[in-house]
Every structure is written in C-alpha cells, then in structure tokens.
Amino acid sequence: MRNYATAQALGTRTVQCDATAIHTAPDGARAYVLLDGIGDYRSIGDWTRTAARRVARAASRRGDAEAGLRHIYQGYAADPDRQDPYARRYMPSAAAVVVVAAPGEPLTVAWCGDSRAYLLSRGITRRLTADHNDRRVYPPTATYPEGGNRNAITSYLGGVYGDEELMSLCGHPAIETATVPLDGPCRLLLASDGAYEPHVDAGHDLYVELDDDPMDAIARDFVSLAVATSLRTTATEDPTRAYADNATILLADLT
C-alpha cells in the first residue's frame, strides 16, 4: 500500500510552480522532495518539476539528503549563465527541502530556502527546518516587531553562493541540515510557504489537521484550507487584494 500522498492548490497564482518528487534507491533509501518555484511563469514550473526529480534521485542514491541536494545545487551554481548577476535574476530557482529515510538509519534533512519539514508523532508536531529568509537575518525586535520580510528568501536552489559566503552575508549556510532519529511510527510533512503560513498564522494545530486517513483526502483538505484561510485574511486587510500563494504538501508515514 502506498504510504505517502501529495496535494497542490493553485491559489490566485496563474501557474503552479511548486513540485514534489519521491525516489527509492535499490538499497531501500527513499528521498522525499518539495520545491517551491520562485515566480509565476510556466517555464519556472517546468524547471521546478525537473529539478525536484533530479534532487530526489541524487539524494536517494546517496542515501543522504545533504549529499543529494548539495550535488544538484552545485551543478546549477556552476552554470556559466548564472554567474552574471543580471541574467541570474531571470533564471528559474526554487526553495527546496529534502528528507531521506534509509533502512536502519536516522532521517537526514537538508534545505535551502523557506520550504519546511515537520514530523508528527504522539500528538506533537516537531519542526525540522529553520527558514532561510530576511526574518531570520533580521529577527523581530521591540522597535520592529515584524522583523525582516519572511518572503524574501536568502538561499535557494539555483543560487550561486557557497556556505561561507552566505554565513558571512546572512548568518546561515547555503544548505542547512539536520539528523533526526526515529523512535516509532510518525508522519512526515513537507510544505511550501503557501501551505504552512496560512495555517501557522491562523493558529491551526498541524497535528490535528493532518493526523487522519486517508492521506490523499487529508492532504487535499489541508492545501484547500490554506488557500481559503489566506484569501480570508488578505481580504480582511484589503478586499481588492485578496491573495493566496501556490500551496503544496507531501505527507509520508514513516516507521
């Protein structure tokens, strides 16, 4: 029986630029990938779907999320066209999060950008990633309670900066990682910011929203509610500018 599900909602965007991918290596290592494409063009959506598949294959075959994501990141960064700062602005890119579950090993997690990974177990939702965005660089203060712009990401697949450069500029590496031991059955959530932000902002309990079956229906309901919540919130602020981002999630039951 398939133990994962994905769902997407377009929101008010014209193109779905998020993508998910899953790949299992011959040794049983399985990679779960979610990419949130930056922009709203068909070419970005096409690139993101291809990039997601490439990352999933690279990570599963290496049995490690960081090794797979870094391999693909460095490949895109080496593209001569991306060395030109002007040209790079118009080339496809995406926030990326990768999780690899290998038999008998802890989960490995790697990311660049603000897509997130969560682990749901025993009634608790545990966030595994830390966003790469301006709010992390400029945290909220008494003077500026909102902090930096959370939608201005500071690292992404398609970028050219290395770890040391971004540590100097932003205080975090280009690719960040985590290792997570599993101590029983749990549910993995990968989510684009368009999927998790409306729920988190509204104070929804992610565990309650996602701890049910069948997973396909739960995933669809989650992204639909994310879009509806975003539209309702933004319409309250300005009825003429109701907005909802692409919302995408990947759910997987792990043992």
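# Briefing on a predicted protein model

Arg53, Arg54, Arg57, Arg61 and Arg62 together form a positive surface patch. The model described here is predicted. It holds 14 salt bridges and zero disulfides.

**The positive patch**

- Arg62, one of the residues of the positive surface patch, belongs to helix H1, which covers residues 42–62.
- The relative accessible area of Arg62 is 40%, so this residue counts as partly exposed.

**Cysteines**

- The structure has zero disulfides; Cys170 is accordingly in no disulfide, and the nearest cysteine sulfur, which belongs to Cys112, is 13 Å away.
- A disulfide is a covalent bond that joins the sulfur atoms of two cysteines.
- Cys170 is buried, with a relative accessible area of 17%.
- Cys186 is likewise buried, and its relative accessible area is 7%.

- Arg127 and Asp131 form a salt bridge in which the closest N and O atoms are 3.4 Å apart.
- Arg135 forms a salt bridge with Glu146, and here the closest N and O atoms are 3.4 Å apart.
- Because Arg135 lies in helix H4 and Glu146 in the loop between H4 and helix H5 (163–170), this pair ties together parts that are eleven residues apart in sequence.
- Arg135 is partly exposed, with 26% relative accessibility, while Glu146 is exposed, with a relative accessible area of 55%.

- A salt bridge connects Arg150 with Glu197, the closest N and O atoms being 3.4 Å apart.
- This pair links distant parts of the chain, since Arg150 is in the loop between H4 and H5 and Glu197 is in helix H6 (residues 193–201), 47 residues apart.
- Arg150 counts as partly exposed at 23% relative accessibility, and Glu197 is buried with a relative accessible area of 13%.
- Arg13, Asp40 and Asp245 are linked in a network of salt bridges.

**Sequence separation and distance in space**

- Arg88 is part of helix H3 (residues 85–88) and counts as buried, at 16% relative accessibility.
- Arg88 and Ala101 are 13 residues apart along the chain, and their C-alpha atoms are separated by 33 Å.
- His132 occupies the loop between strand S7 (124–127) and helix H4 (134–137).
- With 0% relative accessibility, His132 counts as buried.
- Between His132 and Glu176 there are 9.0 Å in space, C-alpha to C-alpha, although the two are 44 residues apart in sequence.
- Ile124 is found in strand S7 and is exposed, with a relative accessible area of 54%.
- The C-alpha atoms of Ile124 and Tyr207 are 6.7 Å apart in space, and these residues are 83 residues apart in sequence.

**Backbone features**

- Most residues other than glycine have a negative phi, and most peptide bonds are trans.
- Arg122 is not a glycine, yet has a positive phi of about 55 degrees.
- Arg122 sits in the loop between strand S6 (116–121) and S7.
- A relative accessible area of 61% makes Arg122 exposed.
- Asp213 and Pro214 are joined by a cis peptide bond, with omega about 0 degrees.
- Pro214 is placed in the loop between helix H7 (206–210) and helix H8 (215–237).

How values were computed. Residues numbered from 1 in each chain as written. Predicted model: local features only at pLDDT ≥ 70, side-chain atom pairs only at ≥ 80, totals over all residues. Heavy atoms only, no water. Patch = residues over 30% accessible without salt bridge, like charges linked within 9 Å, V, L, I, M, F, W, Y side chains within 5 Å. Areas by Shrake-Rupley, 256 points an atom, 1.4 Å probe, with all protein chains shown as cover. Salt bridge = Lys/Arg side-chain N within 4 Å of Asp/Glu carboxyl O. Lys, Arg positive; Asp, Glu negative; His and termini not counted. Charge placed at Lys NZ, Arg CZ, Asp CG, Glu CD. Helix = DSSP H or I, 4+ residues; strand = E, 2+ residues; numbered from the N terminus. Buried < 20%, exposed > 50% of the residue type's maximum accessible area, 1.4 Å probe, protein only. Disulfide = S-S within 2.5 Å.
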